[in-house]
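Subject: Structure handover

Dear colleague,

Please find the structure below. My notes on it follow.

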2 protein chains.
Amino acid sequence: MLKISKKADYALMALQHIASVQFGDVTPGRVVNTKEIAEEYNIPLELLAKVLQVLSKQGLIESHNGPKGGYLLARSARQITIAQIIESIEGPLAITDCSHEKDGDFCMQREHCNIRTPLLKIQDSIYQLLNNMTLGDMMGGTPLITIQSPSAQGVER
Amino acid sequence: MLKISKKADYALMALQHIASVQFGDVTPGRVVNTKEIAEEYNIPLELLAKVLQVLSKQGLIESHNGPKGGYLLARSARQITIAQIIESIEGPLAITDCSHEKDGDFCMQREHCNIRTPLLKIQDSIYQLLNNMTLGDMMGGTPLITIQSPSAQGVER
DNA sequence: TGATCTCCGATCAATATGGTCGTACTAAGA
DNA sequence: TCTTAGTACGACCATATTGATCGGAGATCA
């Protein structure tokens, strides 16, 4: 189904929350801790903690230890793309197993595979999609990139 | 990682193969059986059989029983989109769990969820991507001859 | 009628994922 | 400097999904 994992979902929610607190007009610059996010969105605390650790290790957010500690965005919300977030959690985008094959490590079908090239094209397009949308776009209600097609008009924003 | 399943991979390979045999210039119109495809691409026979059954049930291919039996495309290769193939196998495209929530069935985070709308936008874009590419488009390398079989009428795009 | 093929349902095994636990480390404040 | 609130980190378990297998029933053609 081309689903993205729950962890990545949580990462998106958390980052959106951090961004909106940090750059909001209520308490700008405030540090946000794990517990606050977990309670706000009903996310299992421990799992969220692990997700945030990964994001921190990947350099998307910076952690502050000790009491009054918490997390802050490492860069501005407009400099963090959805692709970066998802890939931080799930690893490089790979629509099919053979996307990033190296050396002799390839699938059984490789020699006669007729779908690899087109699939890689699709994957590339999806990546562009995710990489052209930033955390900032997700918050403000900023215009999103859209591919015009008569078939789909379902989503309002 | 936004991966598509092996079954869907197999489906794509199989359909591409059937299409290239059926519309190729060597033995146009020939019926292709499961074993032939399985051996050509090193796909487990039984698994491929099940995949083909689903495709047949979904109306993408038609099956012919008995000896000398096999499969044929139900429509022209240009009328079968990648989206249709993948969705036949994996069900409706759902980038996140709450994509197709109905009634009271929604995720814990729903009430404060801040990422649902943007994610649905992305999902929609991906769908358009997949739905704008047909089996015919995938057959770039192989003989892309538009000899129409009696049962399939083609549409140029 | 028998051989060959698809059809279809049930089932098993492997892997990925979601989720939990325990402990160590760090920093602020009494 | 001691305590406490927080993160860091790694090991671990449970469950869901997926990949793969098996066995028999139903068609079809020679």
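Of the 21 residues around DNA strand D, those that come nearest are A:Lys50, A:Ser63, A:Tyr71, B:Lys6 and B:Pro67; a residue counts as near a strand if one of its heavy atoms lies within 4 Å of it. This is a predicted model, in which local features need pLDDT of at least 70, side-chain atom pairs count only at pLDDT 80 or more, and totals for chains, interfaces and linings use all residues. Residues are numbered from 1 along each chain as its sequence is written, chains are lettered from A and ligands numbered from 1 in the order in which they are written, and side-chain values use heavy atoms, with hydrogens and water left out.

DNA strand D

Sugar and phosphate make up 63% of the atoms of DNA strand D that come within 4 Å of the protein. For A:Asn65, a polar side-chain atom is 2.9 Å from a sugar or linking oxygen of DNA strand D. Polar contacts here are pairs of N or O atoms within 3.5 Å; within protein, one must be able to donate a hydrogen and the other to accept it, and residues adjacent in sequence count only if both atoms are side-chain atoms. The surface near DNA strand D has six nonpolar, nine polar and six charged residues. In this classification Ala, Val, Leu, Ile, Met, Phe, Trp, Tyr, Cys and Pro are nonpolar, Asp, Glu, Lys and Arg are charged, and the others, Gly among them, are polar.

DNA strand C

Around DNA strand C there are 21 residues, of which A:Lys6, B:Asn33, B:Lys50, B:Ser63 and B:Tyr71 come nearest. An N or O atom in the side chain of A:Lys50 is 3.1 Å from a base oxygen of DNA strand C. A polar side-chain atom of A:Tyr10 lies 3.0 Å from a phosphate oxygen of DNA strand C, and an N or O atom in the side chain of B:Asn65 is 3.0 Å from a sugar or linking oxygen of DNA strand C. The residues of this surface divide into six nonpolar, 10 polar and five charged.

Regards
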